[in-house]
Amino acid sequence: MVYFQTVLYGRDAGVISQVVGAVLERSTLLFAIPAFQEGIKRVFAEQLLEFFKTYPNLVVDFHRDVQEHLSNLRTLATGGEPLYLHLAWAVGTYTHICYNPQCTSNITMEFFEVMYIYPQTHIDTYTYAHIDTICTHTHTHSDCTPSANRL
């Protein structure tokens, strides 16, 4: 956790981008030990959420990786639900032009297609209810200002 905090507050765009990309990629490549996977995915979920809260533009910058992660069956295997739900929350909250001027309607549509189609066929009812709530939550983006942290 100290490593993630150091990277987060170091504010080095290159390092932060590498860490976010690595976490998204490697969270599905963990050793098949359930307790290990659950613990690591919990840390990854919490830290990714902190990165996205601090730098909301990263959700759009990494939209392909996040979409791939949200549609990957291995994401949910052995403790992957917290990570999936944190990513879904970040997408629902930060996919907006005020957080990243490169956010287009196509990116938004692709995110929500992945988040509605995939869960209906692969996630248990309990988790799907949470994702449905996240996707249908109305955001006013009142906290969205042009001065939001950007890398």
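Analyst: Contact means heavy atoms within 4.5 Å. This is a predicted model, in which local features need pLDDT of at least 70 and side-chain atom pairs count only at pLDDT 80 or more, while totals for chains, interfaces and linings use all residues. Residues are numbered from 1 along each chain as its sequence is written, and side-chain values use heavy atoms, with hydrogens and water left out.

User: Outside its sequence neighbourhood, which residues is Glu-46 in contact with?

Analyst: Happy to start there! Glu-46 lies in helix H3 (helices are DSSP runs of H or I, at least four residues, numbered from the N terminus). Glu-46 and His-86 are 40 residues apart in sequence, yet their C-alpha atoms are 7.7 Å apart in space. Setting aside neighbours within four places in sequence, the contacts of Glu-46 are Met-1 and His-86.

User: Is Glu-46 buried, partly exposed or exposed?

Analyst: Relative accessible area decides this (buried is under 20%, exposed over 50%, partly exposed in between, with a 1.4 Å probe and protein chains only). H3 has buried residues, among them Ala-45 and Gln-47. Glu-46 has 32% relative accessibility, so its class is partly exposed.

User: How far apart are the end C-alpha atoms of H3?

Analyst: H3 covers residues 34–54, which is 21 residues. The expected span is 1.5 Å times one less than the number of residues, so H3 should span 30 Å. The model agrees, with the end C-alpha atoms apart by 30 Å.

User: What is the orientation of H1 to H2?

Analyst: Helix H1 (residues 2–10) and helix H2 (residues 13–26) pack with axes 9 Å apart, at an angle of about 140°. Angles under 35 degrees are roughly parallel, over 145 roughly antiparallel, 65 to 115 roughly perpendicular, and the rest oblique. H1 is therefore, relative to H2, oblique.

User: Which H2 residues does H1 meet?

Analyst: From H1, the residues taking part are Tyr-3, Phe-4, Val-7 and Leu-8. Their partners in H2 are Val-15, Ile-16, Val-19 and Val-23.

User: Where H2 meets H3, which H3 residues take part?

Analyst: The axes of H2 and H3 come within 11 Å and cross at roughly 145°. H2 brings Ile-16, Val-19, Val-20, Val-23, Leu-24 and Arg-26 to this contact. On the H3 side, the residues are Phe-44, Leu-48, Phe-51 and Phe-52.

User: Is Gln-67 buried or exposed?

Analyst: Gln-67 sits in helix H5 (residues 63–70). Leaving aside neighbours within four places in sequence, Gln-67 is in contact with Ile-107, Glu-110, Phe-111 and Val-114. Its relative accessibility is 9%, so Gln-67 counts as buried.

Definitions and conventions. Axes are lines fitted to C-alpha atoms, for helices over the stretch in contact, and angles run from 0 to 180 degrees between N-to-C directions. Helices (H or I, at least four residues) and strands (E, at least two) are DSSP runs, numbered from the N terminus.
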